[in-house]
Structures are given as C-alpha cells and as structure tokens.
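User: I would like to learn how to read contacts between helices, domains and chains in a model. Please give the general idea each time, and then the case at hand.

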Amino acid sequence: MAPGTKRSSYDGVVACLPVTIPYRRYSTNSAQWWLGRALHELAKRARLRPSDIDGLAVSSFTLGPDTAVGLTQHFGVSPRWLDHIPFGGASGIVALRRAARAVQAGDADIVACIAGDTNHVDSFRKTLSTFSRFAQDAVYPYGSGGANASFALITKHYMNTYGASREDFAKICIAQRDNALSIPHAMMKKKLTLDDYMTARPIADPIHLFDCVMPCAGAEGLLICREDVARSLRLDFVRILSSIERHNAFASDPIQIRGGWAVDREDLWSMAGLAPDAVDFVQTYDDYPVIVMMQFEDLGFCAKGEGPDFVRSHTFTNDGSFPHNTSGGQLSGGQAGAGGGLLGLVEAIRQLIGKPLGSPVRDARTCVVSGFGMINYDRGLSSGAAILASA
Amino acid sequence: MTEPLARPKRKNPLQRTRRPLSPQAVRSRTAHGLTAAAAEGRFALQVCESCQTVIYPPRDCCPSCLSLRLPFRDVPRGGVLIAETTVQTSTDPYFRERTPWRVGTVKLDAGPVIVAHLHGDAREGHRVRLDFKLDKSGSAVAIALPERDTPNMADDPHLREMTCDPKFRRVLVTDWRSPVGQAMAKAFAEAGASIVFVGIADAWKPFPGLEALRKIAPVEIVPLDVTDTESVAEQAEQNGARIDIVVNTAEHVRSGGIVDRHGLTVVREQIDIRYLGLVRLAQAFGPVLRARGADGVNSAAAFVNLLSVHALMNWPEFGSYAAAEAACLSAAQCMRAELRPGGVKVMNVFFGPLETEWFQTVPPPKVAPAALARAVVQGLQRGLEDVFIGDVAEDVRARLAVNPKALEREMAS
C-alpha cells in the first residue's frame, strides 16, 4: 500500500465547556436521565437553546434499546449531524475527532459530545454477561470475573515479561488518589497508602481491589465548535493539535502487550509538532494500572518494557515530575460507564483553560489525552489519543 | 498434585441441600459447534476451508481471508499456558459459590489463543492439553489439563464439575437380568461407585449368577420392574434421594419389522419396556436427580440411556425394535432439556448388535456387554453426552452424516 495521505490539521476547531454530572455509586435513574442532564448543563452554561445545538455525539452502554437517534426525540433536539459511538473508553477521543472534522467541514456548527451511564444494582453484571458475542461465547462462562479477570491475565503476563511489580502499579494508583483528594465529586476520597494498596482484597490475582475502578452512574460532556463560535459564546477553549485512533492492532500478539497507539504515535507527535517531553501533563485511560504503563510506553514516553523504570523514576501527582490523571482518573473518580471515555478530555480542558476543579498543574499549556476500550474477547481493541493545547 | 477425593460422609439430614446453579449457557449458534464436539469428547475448532487458519472464538467469517466456509475440524490440542489468574470475585452466582476459580490464557500450537478453565495440575509457563467439556449449563467450555496424566487428576474439583465420574457416586442399574445389566454392575463397582443398586423384577424367579452378584462389594439388590409404575415409584421413594447416576439397562430385543408382523403383542411389549419404562424412570427419578445436581462430591450427575444405533436410522430386520429405540432417543432429548437446570447430564450410548442371544442370527462385528459397560463408565468419566461404541455404531453415524437417504436404502438390503 502507498503511504497514507498526510493528515490535515484541526485548525479553527476548538473544544470547550467541560461538564461533569457528579457521580453516584448507584442510581435508580436511567442512562437517558444522566445524558439529558449533561446536555442540559451544556446548553445552560453556553446560554444556548437546545435547537442551537446542531450536532450530537453520544456514548453509553446502558442506553439500550435506545441509540443516539432515539435521544433526539427524547431530548427534543433536531441536529443535522448525529453520531452514536459505542467504543467504551475510546469513545471520547473518537467523538472528539469525528466532531472536529464535522465542524471543520461545515456539517455542524456546535457539536455536543456527551457520554455516561447509569448504574443500577444489577446492571454491571448484565453489561458484562452480554458485552459482546465473543465475551458471551468465550469469556463470561470462564469464572465470570469480567474485565478484572481478563486484565488480570494481561497484567500477569506483563509482570512476568517486563518485571513490573505490584509496588509499581501502587505508585500510579496512590498518585491518582492524591490528585482526587481535591475533587469534590470523586468516589474515592480517602488517602491511599502503600500498605492499603498491598493488603487490599484480591480480586483476580494479581489484580487487587485498588487496581479496579468502581462502577458508578454519571455523565461527562463538552462542546466542539469553531473558534469564532466559542468566542461569540464567551467560552474558554483549547486547540486540538493532533489525534489518532486504531482498532484491533497487533492481532497476532498472543496476549496484549501493546495497544494501537504504538502504530500511530509518529503521526500523533509529528502532526502536533511536539516531542513527548514537551507536554505538561498526561491523561491516560486507567481502567487498570497495567494499561496506564502500556500507554506510557506506546505513546512514546519510554521504550517498550521500560514502563516499570519510567514509573520508578517519576512522580505523578499534579505537582510531580509527570502530572498524570490530574483529577484522579477512573481509579479514584469512579467509572461512569462510557463516561470514563470522556473523563480525561474534560479534565484536560479544565486544566488547560486554567479552571480545574481540584489542584492545578502549574503552567499547563499542552497535554496528551488517550483512550482505550472494548475488551471484546481477550484484549482491548480500540485505542486513541489527542494532543490538546491552551489557546 | 491433585488431592485425592475423600469418601463423602453420610449426609446430615438437617443440612440444606444446595440448589443447583449454572454458569451462563447462552452461546451464539456458531459456538455450539464446540458443544457438538464436547458432547462426543472431540477437540474441534473451526478451520478455514480457503486458507486453513484455525479460528477461535467461533466466527462467521475468517479473520485471515474473509471466507465464510469455516467447518469445525479436529485439531491438535497442545499448547502453552502463557498466563493464569485466580478469580476471587465473580459476578455470577454459580462461580461465586465456587471461588477461588483459576482460568488462564492458552496459546495453542494450532494457532489461536483460548481462555480456558485450568485443571489444578496445569501450570503457568508449561505445556498443557486442551479439552472441551460440557459444563453444568450443558454448553461447551475449554479446560487446560496437564500435558501428561497426573495422579488422581480426575478428582480435580474444576474437572469434576464437568464430568460425571462414578467414583464415590451411587448408581442404579435398572435391570440386572440382561447380560448388559450384569456387566454394568461389575463395571461400576470397579469404577469406584460407593453403592450399585441393582434392580431385579420378580426376585423369586431364580437366575444363575445371582450369588456372584451378591459377592460384588458395593452391590445392593433392590426390587424394580420398569414395566410396573408402582414398582418404579416405590424404588424412587426408597432410594431416589441417594442415587446419583441412573443407567437404564432394560431391553427388549426382538427381530421383525412392522408390516410383516401379526398383531401388536411384541410391539406393545417393546414400547412398554423401552419407551414407557424410560418414561416411568424419568418421572420417578428425574425430579430428585435434578434437585440434587449440586449436592456435594456425590451430587446427582447423569441419566444414561443405552440405545441401539438404529434409533438414528431404522433397520427393517429389527424394525419395530428400532422404532421403540427411536422413541427413547426422542424422549432423551426432552429429558436433557428438563434435567439441565439441575446440571444433570443425559448420556446416550449408541451401540450396534450385541454379543447376546437375541442377536444370535446377526453376523459380527458385535459389541460385548462388558465393552458396552466400559464405554458407559468411560463416557461418564469424560463427561460426554453422546457415545458411539463399536464398529457398526461408528459406521452408521458416519454414513448418516454423509447421506441419510443412502443409508435408509442400504439398511433395507
């Protein structure tokens, strides 16, 4: 195949208005209710009528039997551009990329990206058992440990191969907890000690309690529009320097040791005109700390297999040498289903416009946000990343 | 090393009997290709007809060449266990009461990666043999076994969940008067069954070999006549709650077809002994078997049907006999659905003509009663659902798979 066409820039397109509907452990409300609240909050804070929002991108696991189409009637909006993005942890990056191109091409003026889920008492088990055909046929009947068991296998293999220790993963989790302590709506707000982490209840060896996210109900949202629109609405905004996405990369690896970022990272950095050491903070998708470590490697912050050393040589709190998951990520903030895919972007925008909910990253000008999702059988299939910069 | 199973103590009558639960049974239609393989104890995966790629999980389209022709074929079962985990917390009620539960990632020599249950002697980083088994839900699952047999490996708790091993179980052989019944009693005694209840109708009628039977240690002779509803019900009342495996050995082999037979006497007897006998046993013993599917080491495990392979295709020389066998096969399919909620398997063992007096005129190859009994025990030990024993049974199955109409014509000649 001939080399691909050079990717064109996102000039003139901006992301703005980060919105979080505070999470709750369980909710008797529906996904429609949570997504509706996110859209309501976006419209209210942008001082828009719902009819002014002419683009809508939706991500949710618990919306069934509805899709984004049903939501237009439910919410009384009539967008001229609509997308349903069921990509789990990659859906935020994918929504950002698609919405940015739609705005750039004039297919929509203002796209609301919303993602979220409800969490009924039994909805997590139901989501797991019917997550995908391969999960139904070839994963769930094997102990029904859900994602915990699948990532336990990936984690065990990574530890065996590259010598990562539980202490290394602990360092990531503890720093994220520190970052979450100043976030009002974080689900986990008690300081996490190394001893807490190491002695936590085993879930699926080597995964223990604090390697796992807490499923909860909640929603996240943001707007994508042209820069002049954001200015006219008096909204603070950030620029999109570059982005990538990839699905089902490295299919012949017998077990997941890298993600799709490793295929496309040259494009990510060259399109942004930056090197990895130039960004001020990083938001990875943290469903499990081993995936965080893989992202450090695959996004280019260190070489494959050097993740453990990289972790040992940095600090990850907002005042550290490598500020990471600056609102505590999902590990401390909670996983509001597909909302987790948007969490990193929403927090990144807050930091870059200088309005973080919790502690700020000093002089934050640029960052990488990455997404990862959809463990269809034995590995996460979707990956994506974007580099954002303050205006 | 597998800890050998301890002989279960007498059950405390005050203790609650654990109700049977099942792991998730739902599979895609394609994935039931694995169920078909597991039912017969074969290790089969989809192999692309166009590019020979071996495929897992089951797909409708080849991930190498997009071909749609993906038949299941027997493939080598060796591989390496590249990572393992122990699930401590499960969202599923069946596994919740069985954790810790080990699973692992196996890279098969044949190509694909299979997430599998792990036998206790399967070790991370070592070679393993994969097998497909029917779990308590009746759907196929992969289990990684150690590369070579290890001592007491059948006693592994994960494996025993998927088999119906007679060891320490209590078995009912319904009719001892046939040579098959006698062979069966002996085989189960040898396989470690803790009690073999042996049914005898009209016990006052003398029979050679009765003394020898009494000498087999775990044998307990009980009155049972499968043609008598009351007798069957009474036996179920007496011993039903401590019977884990029922093997129906009642038979009624008579030659002759349908058209060239006068009257209904023989046909009615065949139906009464075989089909209605099965229904009586199913009604009397089925509900209690199903309720006891999770009752510890000697939980209820299986109902075994011995079926002429001519249940699958009529053999006019023994035509009315074959028709009664076909009725039993259909009943067995119904029983499977009805007993599955208890995790109780219905195992059908198909055989050709037996080495017994009623097949005196039939030329070899024939199946010796002892061979049939061995096949039953082995089938239970492996957790199978369909067993074909002997050359004739294998032959009929193979011809049926290729061209049923041809087989129909050939059976007549």
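User: Which residues in H3(A) meet which residues in H14(A)?

Analyst: This is a predicted model, in which local features need pLDDT of at least 70, side-chain atom pairs count only at pLDDT 80 or more, and totals for chains, interfaces and linings use all residues. Residues are numbered from 1 along each chain as its sequence is written, while chains are lettered from A and ligands numbered from 1 in the order in which they are written. Two residues are in contact if their C-beta atoms, placed from the backbone, lie within 7 Å. Helices (H or I, at least four residues) and strands (E, at least two) are DSSP runs, numbered from the N terminus. In this case Ser91(A), Gly92(A) and Leu96(A) of H3(A) meet Gly341(A), Leu342(A), Gly344(A) and Leu345(A) of H14(A). By class, three residues of this contact are nonpolar, four are polar and none is charged; Ala, Val, Leu, Ile, Met, Phe, Trp, Tyr, Cys and Pro count as nonpolar, Asp, Glu, Lys and Arg as charged, and the others, Gly among them, as polar.

User: At what angle do H3(A) and H14(A) pack?

Analyst: Two packed helices are described by the angle between their axes and the distance between the axes. Axes are lines fitted to C-alpha atoms, for helices over the stretch in contact, and angles run from 0 to 180 degrees between N-to-C directions. H3(A) and H14(A), the latter spanning residues 340-352, pack at about 65°, with axes 6 Å apart.

User: Which domains does the assignment give for chain A?

Analyst: Domain bounds come from an automatic or database domain assignment. For chain A these are domain 1 (13-122 + 217-232) and domain 2 (132-214 + 238-390), with C-alpha centres 23 Å apart. Their contact takes 33 residues from domain 1 of chain A and 35 residues from domain 2 of chain A. On the domain 1 side, S1(A) gives the most, with eight residues.

User: How far apart are the domain centres in chain B?

Analyst: The C-alpha centres of domain 1 and domain 2 of chain B lie 31 Å apart. Eight residues from domain 1 of chain B and nine residues from domain 2 of chain B form the contact.

User: How many residues does each chain give to the contact between the chains?

Analyst: Chain A gives 31 residues and chain B gives 32 residues. H6(A) supplies the largest share of the chain A side, seven residues. That side holds 17 nonpolar, eight polar and six charged residues.
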